[in-house]
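Please keep the sequence and the coordinates at hand while reading.

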Amino acid sequence: MIELSNVPLPLDAGLPGGDALVREAAARALGVPSGDVAEACVLKRSVDARKKGNVHFVATLAVALADEAQEERLLAAPDASARGVQARPHHPPVPLSVPDLAVAAAQAGEPRPLVVGAGPAGLFCALYLAEAGLRPLVVERGACVEERSAAVAAFEAGGPLDPQANVQFGEGGAGTFSDGKLTTGTKSPQVRHVLETFVRAGAPEEVLWQAKPHIGTDLLPGVVRALRERIVAAGGEVRFHTQLVGLHFEDGLLAAVDLQDVRGGATERLAAQRVVLACGHSARDTFELVRAAGVAMERKPFSVGVRIEHRQRQVDQAQYGGAAQHPALGAADYRLAVHLPDGRGVYTFCMCPGGTVVAAASEEGGVCTNGMSRFARDGENANSALLVDVRPDDLEGDDVLAGVALQRRLERAAYRAAREAGGAAYAAPAQTVGDFQAGRPGAPSRTVRPTYPRGVVWCDLRECLPPFVSDALVAALPLLDAKLRGFADADAVMTGVETRSSSPVRIVRDGQFQARLETSCASGANQGGEAAAGSVSDVAGAPATSGAARGSGLYPCGEGAGYAGGIMSAAVDGLRVAEALARAVAEADPYPSNQA
């Protein structure tokens with residue numbers, strides 16, 4: 001087959017029955033009669049809307065001609081790539097190779113690996129480990145996705161917040177209640193493996209070829225449940241309402257962990273030699289546990305801001321012009337960024353076409369927002385995070401968790417501002433762009449109905465945003481409007497606050513994807529907070545091999561550990577960590593000296 005890239009397609013090619021138009025475009029690109037094209041499959045497709053009078057698709061196609069010899073002649077011709085279309089031989093993706101390590105693990109006498117967290121990083125890591133025969137145990141502090149969905153719906157309807165089952169915590173991670181975007185800047189062959197796994201779990205097949213694929217929050221729970229079922233079917237175990245509360249090291253090696261039933265309070269100590277820490281960006285108490293355990297951590301860049309909402313049809317018109325109503329296009333998205341004169345960045349993130357703003361609190365007395373869309377993206381509004389970079393010198397002191405403190409402070413300020421303005425518990429402060437720019441306390445928007453489910457209170461967002469954030473937003477809005485007409489429309493609604501776009505810390509790991517320990521821990525101290533007192537040498541299966549030989553045994557992973565920024569990059573990191581852990585198991589000495 002021939003792979004053609006940069007092939008223009010008419011919008012009608014995206015409608016049912018548009019296959020003939022795809023074949024015609026392939027024939028035109030190759031300079032052959034359309035009858036010579038036996039098959040033309042879309043491998044990737046995006047929208048080119050740079051010229052509003054000529055909005056069209058641009059695609060990469062896999063093309064089979066009726067005569068294979070003709071394919072070879074075309075590829076050998078000096079003008080095989082012409083008129084901007086690139087031609088090359090097509091090679092199907094190579095399937096993911098998973099080793100069988102059941103025997104190696106048994107010979108090494110290792111406890112089964114523990115995966116902490118059932119977000120995309122944890123799920124994809126655990127699936128690989130299960131299929132490799134390592135029988136991982138997955139623990140998730142939150143609920144299964146079925147119970148979690150009910151808890152989120154109850155909170156949105158005005159019920160109390162469940163700190164363990166909400167938009168942040170539970171099976172699937174924070175991404176389960178989002179647009180389900182599968183875009184990433186990560187250049188890795190694992191991306192294709194992740195997409196294929198999602199499709200096998202029930203995601204729409206179009207995620208394999210859309211340039212900006214998404215699953216939608218209405219379909220994600222079923223996909224997440226299917227991933228869990230695959231893990232269990234392959235030999236893994238998943239425990240919900242189970243939280244990591246203790247880490248124990250001996251001579252720089254992980255020896256045991258403490259797990260707690262968050263509903264009943266009972267704590268269990270397990271031997272643990274390899275633990276994947278895929279805790280997510282909102283597991284603030286886990287960050288404190290890791291720091292107390294002597295694991296190296298560092299501050300990392302992050303951002304805070306608000307959610308901004310527009311009418312979706314306004315965004316469609318700005319992006320597609322007269323083609324905005326074409327049924328093959330769907331709801332338009334955007335991605336905007338500017339750098340202010342002082343160097344501070346302001347940008348949009350997690351844009352949800354036809355979506356809603358989500359009540360994303362996970363701690364009592366705090367308000368934070370996120371966004372989500374259904375697969376159809378058929379809501380009245382578009383929303384995205386509008387974020388401002390947080391620099392190291394914006395944070396007080398030298399505490400590695402100072403970013404967490406800032407996030408919490410803003411969320412509590414948002415809760416307090418809405419309550420003082422007459423709102424109910426967990427209502428959110430909101431302000432139109434026009435009022436925010438003018439410095440007025442605010443009145444309801446005339447055109448945009450806020451979608452935040454707990455209700456908004458019109459007040460001054462400066463009451464819950466630091467001056468450097470407010471000032472940056474004021475300066476950036478006109479610049480962003482120049483990139484997308486109407487972005488700074490006076491009636492657009494800003495809802496506060498957005499604080500959970502990424503983790504404010506990174507758990508430092510080495511070239512083996514394992515955590516680096518501070519000197520006190522590496523020298524032999526047991527760590528893990530109050531639960532760490534006493535020796536763990538009596539725990540069955542506790543490791544006793546050299547730390548220098550195998551690393552710490554703790555594998556920080558995904559977004560919470562500071563190595564990802566969305567569903568796809570988190571899932572990819574989960575696979576990379578799983579591969580590293582599998583290599584370590586395969587290379588482990590089945591006859592360590594202490595067992596001779």
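A residue is called buried when its relative accessible area is under 20%, exposed when that area is over 50%, and partly exposed in between. The model discussed here is predicted.

**Overall form**

The protein chain contains 15 helices and 23 strands, and its C-alpha trace spans about 75 × 70 × 45 Å along the principal axes. For 596 residues, a compact globule would have a radius of gyration near 25 Å, and the 26 Å computed for the protein chain agrees with that expectation. Of the 596 residues, 57% count as buried. Among the contacts with a separation of 6 or more in the protein chain, 75% are between residues 24 or more positions apart. The accessible surface of the protein chain comes to about 23900 Å², and carbon and sulfur atoms contribute 50% of it.

**Strand β18 and its surroundings**

Strand β18, which covers residues 381-390, is mostly covered, with nine of its 10 residues buried. Strand β13 (residues 302-311) runs antiparallel to β18 and is joined to it by 10 bridges; in this pairing, Val-306 stands opposite Leu-386 of β18. Strand β15 (residues 345-352) also pairs with β18 in the antiparallel sense, over five bridges, and here Cys-352 has Asn-383 of β18 as its bridge partner. As a general point, the side chains of a regular strand alternate between the two faces of the sheet.

Which residues of helix α9 are buried? In this helix, formed by residues 312-320, they are Gln-312, Val-315, Asp-316, Gln-319 and Tyr-320. These residues lie on the same side of α9, because they cover an arc of only 100° around the axis. The buried residues of α9 pack against β13, β15 and β18, and also against β2 (37-48). Just after α9, Gly-321 takes a positive phi of about 60°.

A separate feature of the backbone is the peptide bond from Gly-496 to Val-497, which is cis, with omega near -5°. Val-497 has its place in strand β21, residues 493-498.

**Cysteines**

How many disulfides does the structure hold? The structure holds zero disulfides. For Cys-464, the closest cysteine sulfur is that of Cys-459, at a distance of 6.4 Å, which is too far for a bond, because a disulfide requires the two sulfur atoms to be within 2.5 Å. Cys-464 has a relative accessibility of 2% and so counts as buried. Cys-144, with a relative accessibility of 18%, counts as buried as well, the limit for that class being under 20%.

Terms used:
Residues numbered from 1 in each chain as written. Predicted model: local features only at pLDDT ≥ 70, side-chain atom pairs only at ≥ 80, totals over all residues. Heavy atoms only, no water. Buried < 20%, exposed > 50% of the residue type's maximum accessible area, 1.4 Å probe, protein only. Helix = DSSP H or I, 4+ residues; strand = E, 2+ residues; numbered from the N terminus. Pairing = 2+ DSSP bridges. Rg over C-alpha atoms; globule rule 2.2 N^0.38 Å. Contact = heavy atoms within 4.5 Å. Areas by Shrake-Rupley, 256 points an atom, 1.4 Å probe, with all protein chains shown as cover. Arc of directions from axis to C-beta.
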